[in-house]
Amino acid sequence: MTDAAHLYNMGKLHAARAETTEAFLAETGPELAALCTACGACFDACPMVDHLGLRASDPKSTTDGLRRLARGEPGHADTISWVSACTKSGLCVAACPESSSGLDAMLLVRIAKQRALNDTGQLPVKQDPTYFPRLKVYARLQLSDEELAKWL
Amino acid sequence: MALGADRITFWFGCNMLRHAEMIRLSIMLLERAGYDVSAAGGAAYCCGTAHDHQPRAASNMAARTVARFNEAAEKDGRSTVVTWCPSCHMHMSDIMAPGNSAVFEVTHITELLADCADRLAPLLKVPVNRRVLLHRHVGFATHVPVNDRVVGLLSRIPGLELVEGPVHPGHMCSALAAVPGALATAAHDTWTAAVAKHSDTVCTIFHSCHRELSALDGKDNVRIRNWVQLIAEAMGIDASDAYLDWRKGGAPDIAAIERADQSRYHALVEPELRKPPPLIAAAQGMVE
């Protein structure tokens with residue numbers, strides 16, 4: 001039972017590169033896209049590809065769509081399907097031949113998905129307005145007044 | 001990692017609020033390991049990871065949470081934030097910190113406890129005679145070798161026998177729920193392996209896996225336990241599990257429901273508690 005490969009840096013966080021996370025993501029998308037060669041290795045390594053029935057898709061074309069989305073341009077249909085189903089398995093990170101150059105493939109997919117939601121409109125927004133209200137009910141079912149006051 | 005001090009913030013996230021006992025057990029384990037713990041979670045400490053469709057709101061949530069942890073570090077000496085949730089941990093590492101100036105370090109609870117396992121080991125005196133299959137995902141290993149860390153901790157428990165099982169995609173079960181069939185496949189594969197290997201217990205690592213699998217507790221004489229519950233058992237501490245009991249047909253007592261708001265309980269919580277478990281839902285052709 002061994003975790004195959006972990007690239008973590010325990011404890012230390014990255015230094016801030018932007019004033020906000022929104023600005024960081026806006027700046028980082030094109031930067032990661034510039035590092036990506038659309039070789040398709042991340043797509044090939046992704047375990048969700050089989051779940052989606054995308055194994056016959058062209059990895060290079062699909063990952064080219066990843067670059068496009070990260071720049072704010074529309075992506076291919078297969079790319080949209082793929083990024084929408086990212087479950088953060090992280091196998092793309094180790095598979096990426098450009099990782100040593102600073103390409104975080106999982107972050108690139110994450111940004112591409114955000115672009116498809118917010119910029120190109122290729123993914124529908126799914127909101128759950130009951131998310132936090134439901135958790136509040138769970139908290140009040142179980143936590144003491146002191147825990148509610150101190151933890152939340 | 002140089003912790004420097006024993007004062008920590010335990011950031012348990014949002015969805016752990018379903019599992020109050022697991023929050024309390026985590027705090028207890030950290031305290032027994034020698035840490036002074038301040039717990040934080042819920043909407044006021046949201047990482048923003050579930051709000052990709054609202055980048056400005058997510059950014060504001062992240063800034064607020066980082067500011068609170070900065071304040072805890074600067075004013076209360078809590079310079080380490082200990083995470084439970086892999087989504088929170090990865091979001092902090094990959095997005096929140098690069099977009100905000102953070103003056104604290106982050107580590108996962110399994111890392112911290114594994115680092116001081118020698119301090120916990122003498123407390124694990126009660127044999128836990130279980131044959132345990134660990135329900136694992138591949139994902140979080142990019143940041144923390146969590147599967148190895150939990151195996152290391154469980155291997156300290158007298159009487160407990162670990163058996164190999166499958167490793168599933170994603171970082172935890174909630175991620176799979178968005179992909180049709182993926183969650184049911186993971187649940188099926190875990191269960192099939194547990195039965196084939198004569199396990200009597202499936203051990204979850206994360207809350208969302210516990211949430212999804214808890215309704216299966218007792219099926220084929222296999223019990224569902226989280227790793228903190230198994231460690232607590234080895235310490236002779238009762239590890240009750242209200243959420244699991246509710247998922248199996250129980251319900252909170254009426255006073256708790258009234259305290260939480262009866263109408264909201266019926267509208268928001270009861271449907272989740274009565275939802276078929278993923279194995280059953282898949283067999284019935286229901287969407288997860």
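Trainee: What is the order of the strands in the open sheet of chain B that has E2 in it?

Mentor: The order is E2-E1-E3-E4, four strands with parallel pairing. This is a predicted model, in which local features need a pLDDT of at least 70 and side-chain atom pairs count only at 80 or more, while totals for chains, interfaces and linings use all residues. Residues are numbered from 1 along each chain as its sequence is written, and chains are lettered from A and ligands numbered from 1 in the order in which they are written.

Trainee: What makes E1 and E3 of chain B a pair of strands?

Mentor: Strands are DSSP runs of E, at least two residues long, and helices are runs of H or I, at least four long, both numbered from the N terminus. Two strands pair if DSSP finds at least two bridges between them. Strand E1 (residues 7-13) and strand E3 (residues 80-83) of chain B are joined by four bridges and run parallel, so they meet the requirement of at least two. One place to look is B:Trp11, whose bridge partner in E3(B) is B:Thr83.

Trainee: How do you know which are the edge strands of that sheet?

Mentor: E2 and E4 of chain B each pair on one side only, and that marks them as the edges. Neighbouring strands here are turned by 30° against each other on average, direction ignored. Axes are lines fitted to C-alpha atoms, for helices over the stretch in contact, and angles between N-to-C directions run from 0 to 180 degrees.

Trainee: What order does the open sheet of chain B with E7 in it have?

Mentor: That four-stranded sheet runs E7-E5-E9-E10, with parallel pairing. Its edges are strand E7 (161-163) and strand E10 (223-226), each pairing on one side only. The twist averages 35° from one strand to the next. Inside the sheet, strand E5 (residues 131-134) and strand E9 (residues 201-204) of chain B pair in the parallel sense over three bridges. There B:Val132 stands opposite B:Thr201 in E9(B). Helix H10 (residues 227-234) of chain B packs on the sheet, touching E9 and E10, and its direction makes about 85° with that of E10(B).

Trainee: How many residues of chain B are in contact with chain A?

Mentor: There are 68 in chain B, in contact with 55 of chain A. H2(B) gives the most to that side of chain B, six residues. For the complex, the predictor gives an ipTM of 0.94 and a pTM of 0.94.

Trainee: Why does A:Ala116 count as buried?

Mentor: A residue is buried if 20 or more other C-beta atoms, placed from the backbone, lie within 10 Å of its own, exposed if 12 or fewer, and partly exposed in between. A:Ala116 has 22 such neighbours, so it counts as buried. This residue sits in helix H7 (residues 105-118) of chain A. Leaving aside neighbours within four places in sequence, its contacts include A:Leu69, A:Ile80 and A:Leu123.

Trainee: And what makes A:Glu31 buried, exposed or partly exposed?

Mentor: A:Glu31, in helix H1 of chain A, has 14 other C-beta atoms within 10 Å and is therefore partly exposed. Its C-alpha atom is 9.8 Å from that of A:Arg67, 36 residues apart along the chain.

Conventions:
Two residues are in contact if their C-beta atoms, placed from the backbone, lie within 7 Å.
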